[in-house]
Amino acid sequence: MYTLGINAVFHDSAACIIKDGKLLAAAEEERFTHIKHGKRPVPFSTYELPFHAIDYCLNYAGIHLSEVDHVAYSFDPFILLKDVSHNGHISLPLQPEPSTRNEQDYSEWDPLFLSQIVNAPAQLIDGYPHHLQKRFAGTKPADFSWHFVPHHIAHAASAFYPSPFEKAAVVTIDGRGERATTSYYTGDGDTLTLLKEIHMPHSLGLLYEKITTHLGFLHSSDEYKVMALASYGKPDYVHQFRSMIHVADNGTYTINDVDLEACFGPQRKRNEPFEAQHFNIAHSLQQVLEETVLKLIDWVHETTGMENLCLAGGVALNCVMNARLRDKSAFKQIWVQPAAGDAGTALGAAMWTDINTRTTNKRTYVMQDAYLGPEYKDDEIESFLKWTKVRYKKMTNVARETAALLADDKVIGWYQGRMEFGPRALGGRSILASPLNASMQAKLNEIKDREDFRPVAPVVMEEDVATWFQNGGYSPFMLFVYNVKKDKAAKIPAVTHVDGTARIQTVNRSQHPAYYDLLSEFKKITGVPVLINTSFNTRGEPIVCSPRDAIECFWTSPFDALVINSFLLEK
């Protein structure tokens, strides 16, 4: 039984394909179209389905769309339609008011937004781009069953079903779904049971988005920059944030709607210099977010009595918050799905539908790695290299030769195996460098045209993590920070953030042999089992997907070499 999962409502459009409970492939649309996050989260973009990601998933499974049994879409418009639709009709002003939503969380754009979701099945069948018709043409509505899965159920399913836990509490926190912004579940075997939801307009995710905008960044995109900015600030505005957020003792909270400029001064414009108050606003927001979520998580633990916690939703990509929950909450283990944002709802919707429609062998898949995207073999890559007439050589020992380049302080584009699913580069499509010199952090930010305050992250051999990072443990998805051990910080200064932490990735050989072997060879040369790992892209561009993407990025960026499967390109 094939189940196709789709996320297309807000942003981070994505698709996945599941066969009899096993996840075969998953990818975000941005990697194919070069449009960051796939699209912007606006009402009139809802019709845009991730056709390129869907095409990849169908191709990987070796099937046509007509051979899919179930299609799961990670939003249920009928939760909201009763408020805007009457007798199958909607009303839309020719020029809707540009204002925000009213007290009932209603926008004049909602009828357009929802009507496009309702018509997504027809759009899937006949709205595909012309060049992708091979796997779409001829499909009929009766070929598959369509399922609208509530957004937060999709988040919760994406967190629990691929987790290593048989039982766990599940918490989802994002900007919004249909109405929910925060949800609590218990997971037990194949079952997810809702405990409680917080609804709009009270949303920790949207508050973080609003501050992202106030600080001059792009909301629904640059929240991770606010998290990085926070490390340089002071808690000068914690009182203002604490006065906005009111946490009850029953797992609920409310957030006051306030004038941000009255609280924090004028909004920073893009490219304006950062001043002390900008760092302090970010720091205060981050601190109060962590305090708030920790209170909510403590209520969940007290209510469920469970030892394990699964997290999802865009807020669960906040690795600093995740680390505080790991260190301060009563839960013994915390697992965060690598595509915890909206892209992961494609996975959750598909897994929810798969589990609720199959009758046997329900839950068998555990996510060990995030390498779920396209892969290109040596013959395909060499054929393309010859066609482009670039100079290259075939390496005899990829790990050893690449490690030597890295030990010589070269910056390397690393393109190996399947592409990662989720926002983190994890050794499939990475830029790698040595962490031994502190100047490498600034050099990489210059190469990638990134802000100076942005840290770079380390990858470490799994068996060495506890030697280099305080209480270091299994962390394959780069979703937790750890303190760098004081006796090691001077040896890896490029990955030691200003606050003494690092957002680490651990890797073992079964997850990615080529990546692990490279670390092993680098350790032999330098004595350090750590490399800098940052995403293979430049500012404003998605992570590269195809060999063409990799070569174009390499030749238009000032890094030194590209290792693409077995081949080396140097400048």
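Predicted model: local features only at pLDDT ≥ 70, side-chain atom pairs only at ≥ 80, totals over all residues.

Trainee: Why is helix 6 called roughly perpendicular to helix 13?

Mentor: The axes of helix 6 (residues 151-160) and helix 13 (residues 344-357) cross at roughly 85°. Roughly perpendicular covers 65 to 115 degrees, so helix 6 gets that label against helix 13. The two axes come within 7 Å.

Trainee: Which residues of helix 6 and helix 13 meet?

Mentor: From helix 6, they include His151, Ile153 and His155. From helix 13, Leu347 and Trp352 are among them. By class, this contact has 6 nonpolar, 6 polar and no charged residues.

Trainee: What makes His512 count as buried?

Mentor: Its relative accessibility is 7%. Buried means under 20%, so His512 qualifies. His512 sits in the loop between strand 21 (505-507) and helix 18 (513-526).

Trainee: What lies 3.4 Å from a polar atom of the His512 side chain?

Mentor: The backbone oxygen of Gln416. Leaving aside neighbours within four places in sequence, His512 also contacts Tyr371, Gly427, Gly428 and Val507.

Trainee: Why is Asn533 called buried?

Mentor: Asn533 has a relative accessible area of 2%. The cut-off is under 20%, so Asn533 is buried. Asn533 belongs to strand 22 (residues 530-535).

Trainee: How do you know that the Asn533 and Ser430 side chains make a polar contact?

Mentor: They are joined at 2.7 Å, and the limit is within 3.5 Å. The side chain of Asn533 also makes a polar contact with the side chain of Gln505, at 3.2 Å.

Definitions and conventions:
Residues numbered from 1 in each chain as written. Heavy atoms only, no water. Axes fitted to C-alpha atoms, helices over the stretch in contact; angles between N-to-C directions. Helix = DSSP H or I, 4+ residues; strand = E, 2+ residues; numbered from the N terminus. Parallel < 35°, antiparallel > 145°, perpendicular 65-115°, else oblique. Contact = heavy atoms within 4.5 Å. Nonpolar A, V, L, I, M, F, W, Y, C, P; charged D, E, K, R; others polar. Buried < 20%, exposed > 50% of the residue type's maximum accessible area, 1.4 Å probe, protein only. Polar contact = N/O pair within 3.5 Å; in protein donor to acceptor, adjacent residues only side chain to side chain.
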